Amino acid sequence: MSKNSSINMWSKNASLNGGTLTLCGIPAAQLAKDFGTPTFFLDEDAYRARALAWQNGLNSQFGTHAGTIYYAAKSFICTAVAQWIADIGIGIDVCTWGELAVALAGGINPKKIEVHGNNKSVAEIDRAVSVGVKTIVMDSLFEIERVAAAANKHGVRQGVMLRLTPGIEAHTHEKISTAHEDVKFGFSIASGAAWVAVEALANYPQLELRGVHCHIGSQIFGAEAHEIATDRLIGFMAKYRDQYGTELPELDLGGGFGIAYIDGDDTVEPADVLPQIHTAVKKACAQHNLEIPMVSLEPGRNIVGPTMFTLYEVGTVKDVVIDGGKVRKYVSVDGGMSDNARTALYDAEYTAVIAQRASSAPLALTRVVGKHCETGDIIIKEIQLPSDIAPGDLLATPATGAYGRSMASNYNHVPRPPVVAVKDGKARVIVRRENEADLLSLDVKE
Ligand code: LLP
């Protein structure tokens, strides 16, 4: 796929010809008619291809040292997607009871499940241990005790990893950067907290320390931050070997690989970063005279992000005079911050196209907003769209697969949109639209 072109934002089976957006040959107008709006449309082949490309890339780059691609469920999961993951044979990273439940409902082998979270409840730990997950990633000293107690209770030796904070300022938005020192996640290497955790673990023979993990942040481009993390984590593994005389067999470098959201952005492909990460692993291991560990990764956004677009219908259009007499067109769609919280939360940038017709009207400065009762309910802060955009037009926003539906809310009692998977010219609902009954179902009447 070519770099730096708008094609990066759309999944491989989406195309825009003569103003008509199609997915696997189905025109957007047909999709809207059949499934309503707003709806997330998921290109199933693209999802499978991206997931497989990471595992195949890891296998061919690392050979016998290739670990597992643990798809980060938080980016988007539902039972059907969990079934695809089971079918493809990659692993999954879950961080709550709910994510674990969906992974299991989809038939994912517990031996392909890694459990994360900085505050796993005792019940979550108990369930993870009882179903036999491969590893639980330790995030605090309390948790070490709790997992040890669960392992005792179920009479098993539980595989664990240590989440380390390598002290890296990844160049991304502050709220999605996770591996600098002042964060809630993991054990800091620099402060000595990580070593205290290692010593604490040594008291529990029912816990098997398999290796170390880090996740340095999200929407990261280039391999540099992962290379630095690799170097620091392998340095720590060497210290462990020096102290305990055995080598830790696994290294998990987390996710964070960026994708294109707007024109000119790139999407990281596995081949763009795996060779550099492999070189960093080999170099650090050689330097410390360590065996090369099994290397795993946890991409979420990079797999699912580019595989979905959201289709909205325009409800109202309003010209608002802003500074200097300039006009900004406010285009209101039938969703908003309840299906895309990322613009409000992270100043994320998106683009959009009119999906069912061509327009030769001049472009106009436009803001795409939702239907919620608040000013910050913005999907696209600034975009040039045809000035004849009108109620009834369909507007499609690409690259909404990651942290879109998964972070959706019922704000203003708006039902959350469905997810429709499209494959071989056929579309089917894999998460249905919420309805009025769903919205009322939790309320207890007086
Ligand atoms: N592994 C761990 C332990 C994580 O915490 C995360 C994301 C991932 C893997 C996957 O990261 P990814 O490859 O998707 O970047 N809601 C934010 C992103 C928060 C990510 C949290 N952790 C957003 O919409 O940008």
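At what angle do helix H4 and helix H5 pack, and how far apart are their axes? Keep that in mind while we look at this model, which is a predicted one.

Here is the answer. H4 covers residues 97-105, and H5 covers residues 122-131. They pack at an angle of about 25 degrees, with their axes 10 Å apart. Angles under 35 degrees count as roughly parallel, so H4 is roughly parallel to H5. Their crossing is left-handed. Who makes the contact? From H4, it is Trp97, Leu100, Ala101 and Leu104. From H5, it is Ala123, Glu124, Arg127, Ala128 and Val131. By class, that contact has 7 nonpolar residues, 2 charged and no polar ones.

Next pair: H2 and H3. H2 is residues 44-62, and H3 is residues 79-88. Here the angle is about 45 degrees, and the axes lie 11 Å apart. The two helices are therefore oblique to each other. H2 passes H3 in a right-handed crossing. On the H2 side, look for Glu44, Tyr47, Arg48, Ala51 and Leu52. They meet Val81, Trp84, Ile85, Asp87 and Ile88 in H3. This contact has 7 nonpolar and 3 charged residues, and no polar ones.

Searching the whole structure turns up 1 cavity of 30 Å³ or more. The largest cavity holds about 40 Å³ of space. Which residues line the largest cavity? Val94, Cys95, Thr96, Trp97, Leu100, Val115, His116, Lys120 and Glu124 do. That lining divides into 5 nonpolar, 2 polar and 2 charged residues.

Technical notes:
Residues are numbered from 1 along each chain as its sequence is written. This is a predicted model: local features need pLDDT of at least 70, side-chain atom pairs count only at pLDDT 80 or more; totals for chains, interfaces and linings use all residues. Side-chain values use heavy atoms; hydrogens and water are left out. On a 1 Å grid over the protein atoms alone, a cavity is a set of points where a 1.4 Å probe fits but cannot get out, and a pocket is an open set with protein on both sides within 12 Å along at least five of seven lines; lining residues have an atom within 4 Å of a point. Grid points are joined across faces, edges and corners, and a volume is the space filled by probe spheres set on the points. Ala, Val, Leu, Ile, Met, Phe, Trp, Tyr, Cys and Pro count as nonpolar, Asp, Glu, Lys and Arg as charged, and the others, Gly among them, as polar. Axes are lines fitted to C-alpha atoms, for helices over the stretch in contact, and angles run from 0 to 180 degrees between N-to-C directions. Helices (H or I, at least four residues) and strands (E, at least two) are DSSP runs, numbered from the N terminus. Angles under 35 degrees count as roughly parallel, over 145 as roughly antiparallel, 65 to 115 as roughly perpendicular and the rest as oblique. A crossing is left-handed if the near helix is turned anticlockwise from the far one by less than a right angle, and right-handed if clockwise. Contact means heavy atoms within 4.5 Å.
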